[in-house]
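Subject: Structure for you to look through

Hello,

I am passing on the structure we talked about, and below it you will find my notes on what turned up. Please open it beside this message and follow along as you read.

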Amino acid sequence: MFNDSPPADASSLHGLCGGAVLLPGDRSYDNARAAWNLAVDQHPAAIAYPADAAETAEVVRAAAAAGLRVAPQGTGHNAGPLGALGDAVLLRTSAMIGTAVDPVTGRARVRAGVRWLDVTEAAADHGLAALHGSSPSVGVVGYSLGGGLGWYARALGQQSDSVTAVELVTADGQLVRADAAHEPELFWALRGGGGNFGVVTALEFALHPIRTVSAGALRWDWRHTGPVLRRWARWAAEAPDGVTSSLRLLPASATERRTVAVDAVVLGDVDRAAKVLAPLRELGPEVDTFAAATPRAVALMQLYPRDPSAIVADSAVLGGLPDAALDALQEAASPESGSSQVMVELRQLGGALGRPRPDAGASELADGAFLVVASTIASRLVPQEQSVGACTRVLAALAPYANGRHCLNFATRAVDARTGFPAESWQRLRAVRAAVDPGGLFLANHPLP
């Protein structure tokens, strides 16, 4: 195992990838080591930028020979749990770009560095939609390996379940293709089990024939938070599967007062959406932006910053939202709480997410009703320690209603990875990991032991 290896020397990697390897002290090293989440301070032993699968395999073999681990990273949106990386090569996949959409089969093929905006634009040209997330700047591969919870999730499930093939370099430096017919156990593990099994160089997945939906937001002043919370929680529990929504408690800014908002996508026409949204509209929102929209527009519905930011966040899966939970949340996020700069998001689960499928991957949210995410942007005025404390207070208020599970794509701190999976899936994942990476070469943000 790598923990028992002698001190590693990364100098042997310096000439790989056509020279696209950086070591500490190199001129561009400090810029290159930064993750998208600027709150994370990465100090890897080396940074490599392979251009293709062959160069990726070369880096993997060289790192293993040097006694270094390998940490694949696309954008670094969820880099926090990785740690400092002093014994690892940070393998950046950003140079591997390319998207192809086949309108006949309804599938997309992407290379490892592709971000969601490239896919959603290409798919929309053919009347197709991808199960992307709430930020077009997120990388497709990392999002998909971790499950992927997007705007169509209650109707169509997680993105990992739409993955049809994965190409990756394994610990022995070999390129492997995993799909339902080839390496089926590895294929199952890759769809939701994270980056524990190798460096993914390409991904293929199903797209979905969606041309129009109704999408938008309703917004109220903060003083209406109590009634809106209660109405939305009951409405969300009974909403049809074609509705995926999020309620957000939004902090005040230099230009905006504190508000509460419901964002949603409703599959179907505006008349159907009007019937579905009627109970929420009865509360008289100040802002109502719902209208017919295309998948291209939905892909740009932005809940999180697009540009690199110092994000501090915490999350949990909730079994339900009784009135006592809503009261506790409102108090914990109130202007007097010390957490008034925290954005609190409640994501509606259930629907297709609540029905286990025999052909699904490792990620499963069947026993969750809501996902809560508390996040803020650290700054000079609000330092990171203060931001962490503010998010922690919000999650602590909802702890009695959490079910002990985590949606690992939203776990931006180190957590016990077992909390991301049912017990039987956890044992199965460990068996796959032991088979493909027995020495623990690969370092994922939520590692399997």
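Strand E11 (residues 243-250) and strand E16 run antiparallel and are joined by four bridges, and along this pairing Leu249 stands opposite Val344 of E16. Please keep in mind throughout that this is a predicted model.

E16 also pairs with strand E17 (residues 370-377), again in the antiparallel sense, over six bridges, with Gln348 standing opposite Phe370 of E17.

Is E16 itself buried or exposed? The strand, which spans residues 343-348, is mostly covered, six of its six residues being buried.

Leu346 leads on to the largest nonpolar core, which has 44 residues and in which Trp232, Leu247, Leu321 and Leu346 touch the most other members. Helix H7 (residues 225-238) gives the most to this core, namely six residues.

If you then select Trp232 and set aside its neighbours within four places in sequence, you will find that Trp232 is in contact with several residues, among them Leu247, Leu321 and Leu346, as well as Gln348 and Phe370. There is also a second, separate core of 41 residues, which includes Ala112, Leu408, Ala417 and Trp426.

Best wishes

Conventions. Residues are numbered from 1 along each chain as its sequence is written. This is a predicted model: local features need pLDDT of at least 70, side-chain atom pairs count only at pLDDT 80 or more; totals for chains, interfaces and linings use all residues. Side-chain values use heavy atoms; hydrogens and water are left out. Buried means under 20% relative accessible area, exposed over 50%, partly exposed in between (1.4 Å probe, protein chains only). Helices (H or I, at least four residues) and strands (E, at least two) are DSSP runs, numbered from the N terminus. Two strands pair if DSSP finds at least two bridges between them. A nonpolar core is a set of buried Ala, Val, Leu, Ile, Met, Phe, Trp, Tyr and Cys residues joined through side-chain atoms within 4.5 Å. Contact means heavy atoms within 4.5 Å.
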